[in-house]
Amino acid sequence: MHFSMASISTPPLSCPRRPWRPPRRRTRVPLQPMACSSPPHVVEDLRPFLQLFSDGSVIRFPDPFPPPSPPPDQPVVEWKDVVYDASHMLKLRMYKPADASSGKKLPVLVYFHGGGYILGSFEKPNFHACCLRLAGELPAVVLSVDYRLAPEHRLPTAFDDAETSLRWVRGQAAAGENADPWLAESADFGRAFLCGDSAGGNIVHHMAVRAGLGSLSLDPVRVAGCAMLCLMFGGVPEYDKLWRLALPLGSTAKSQDHPLANPFAPGSPALDGVALPPVLVLVAGRDKQRGATVDYVARLKAMGKPVELVEFEEQGHAFFYYEPYGDASNGVVRAVKRFILADDGTVSN
């Protein structure tokens, strides 16, 4: 187990601008058979984030976004990194309020970051800041999950990694006093919530469906609700390039017709009879995904599912990530906190 700890009560250090360094290229098995021995060329260009080459190699560029600066009055939160899948060296980052040792058990929030399935990590400063806020202000024990990224690891790999992380959480709950000390001391596994931003919100949907269908058993963990922020669906032209890199290699279906990208596409599980916990969906009014998200909520409501929609009219996609300490993000934290406090100990169908 790798262990590190930080407190958001410590003012951030001022760092001098670092000189630009060439990003690392990670070479993988070729994505398509090579027809000739010509030098690799770019086949997908998503600068300033990523380039995919004809031989399957990938360049990921340094994060272009500056790290956020937390205000001085934020609650003190401790964190550490824990391996949940040793076979792939996958980790999650565990957060708890510094005063969580007072004996009161806290709800558990399992968080899946966004990034279109091709970018992101719990280590990115903005995702880290989001989780610091959620842990300190809800308050809650937050488990921020890393998963393997496309195009090196295309879908459904991210979903399978997410399921592995939830099985790890189930094992911790079953271990009781022998669980990780932070969890044994502070986690109430009877109040567990799944939360995700953008692609992470889609992961939450798929995990809830797997659990509802019975293919993912989480007992003794009780999933009391799902919070999905700025969902990323297929069929929105501005996101087609992301889906081309994320969907299984050789997929001929358009993203709006693929069950991994559209929960109502042919081949998707019928949701009418799936038992889902209460769902909170947060949507940005200026998000290209708004129409698809509103339709998703309307369809769930028509099936009688317990779903609530909260809209942030003046915001764009993934605003919680881009400005984790902004005014709109304050509203995100308040909405999630209200959602968690509304839990009455039951799960609806």
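Trainee: Of the 70 residues in the largest nonpolar core, which touch the most other members?
Mentor: The model is predicted, with pLDDT of at least 70 needed for local features and 80 or more for side-chain atom pairs, while totals for chains, interfaces and linings use all residues. Numbering runs from 1 along each chain as its sequence is written, and side-chain values use heavy atoms, without hydrogens and water. A nonpolar core is a set of buried Ala, Val, Leu, Ile, Met, Phe, Trp, Tyr and Cys residues joined through side-chain atoms within 4.5 Å; buried means under 20% relative accessible area, exposed over 50% and partly exposed in between, with a 1.4 Å probe and protein chains only. The members that touch the most others are Y117 and L143.

Trainee: Is Y117 edge-to-face or stacked with F159?
Mentor: Phe, Tyr and Trp rings (for Trp, the six-membered ring) pair if their centres lie within 6.5 Å; planes under 30 degrees apart are stacked, over 60 edge-to-face, and the rest tilted. The centres of Y117 and F159 are 5.9 Å apart and their planes stand at 90 degrees, so the pair is edge-to-face.

Trainee: Is Y322 buried or partly exposed?
Mentor: Y322 forms an edge-to-face pair with Y321, at 5.2 Å centre to centre and 70 degrees between the planes. Y321 is buried at 7% relative accessible area. The relative accessibility of Y322 is 41%, so Y322 counts as partly exposed.

Trainee: Over which ring does the charged end of K96 sit?
Mentor: A charge sits over a ring if NZ of Lys or CZ of Arg is within 6 Å of the ring centre and within 35 degrees of the ring normal. K80 lies 4.5 Å from the ring centre of W182. For K96, the distance is 4.9 Å and the ring is that of W182.
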